[in-house]
Amino acid sequence: MDIDAWVWWLIGAVGLGIPLVLTAMPEFGMFAVGAVAAAVTAALGGGVVAQVLVFTVVSVALIAVVRPIANRHRDQRPQHRTGIDALRGRTAVVLERVDGSGGRIKLAGEIWSARALDAGTSFEPGQQVDVVEIDGATAVVM
């Protein structure tokens, strides 16, 4: 049974596509594209050296070009703060006097227990305060 070289390259491309799907490592996909390019070279009558050279050049070029672009996009994704991290830095309205021992504020539409960051400071109802941190279920404000 005599199988042409381009078929072997396509089998190699499929073989490289399997770990791409299983591991989600895009490098395998780039190698698979290189194998397809080598299969095209073989189908057009290129020799073994040309096939290996095309596979290598295409694979390395894709890795050299695509990986930095993908890394740049991954690093530039907007970071969405959630949970208590999203509350830090927000402004709240004092509902009940807030001092170093406690009080109540309205933060993000909810009523929170609060205490002043500086124990000697107090805030009166109606004042706006900034949330510095969340300590358990208590907002620390200033």
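Author: The UniProt annotation "transmembrane region", from an unreviewed entry, covers residues 6-22 and 52-70; UniProt positions are given in the numbering used here, feature names are shortened, and annotations may be inferred rather than shown by experiment. This is a predicted model, in which local features need pLDDT of at least 70, side-chain atom pairs count only at pLDDT 80 or more, and totals for chains, interfaces and linings use all residues. Residues are numbered from 1 along each chain as its sequence is written, and side-chain values use heavy atoms, with hydrogens and water left out.

Residues 6-22 are 100% helix and 0% strand, with end C-alpha atoms 25 Å apart. Helices (H or I, at least four residues) and strands (E, at least two) are DSSP runs, numbered from the N terminus. For residues 52-70 the figures are 100% helix and 0% strand, and the end C-alpha atoms are 26 Å apart.

Leu-22 belongs to helix H1 (residues 5-23). Leu-22 has a relative accessible area of 70% and is therefore exposed, a term that requires over 50% (1.4 Å probe, protein chains only). A distance of 56 Å separates the C-alpha atoms of Leu-22 and Asp-99, which are 77 residues apart along the chain.

Helix H2 (residues 26-43) packs with helix H3 (residues 48-75) at an angle of about 150°, their axes being 8 Å apart. Axes are lines fitted to C-alpha atoms, for helices over the stretch in contact, and angles run from 0 to 180 degrees between N-to-C directions. Among the residues that meet are Phe-31 and Ala-38 in H2, and Val-58 and Leu-62 in H3; contact means heavy atoms within 4.5 Å.

Conventions:
Buried means under 20% relative accessible area, exposed over 50%, partly exposed in between (1.4 Å probe, protein chains only).
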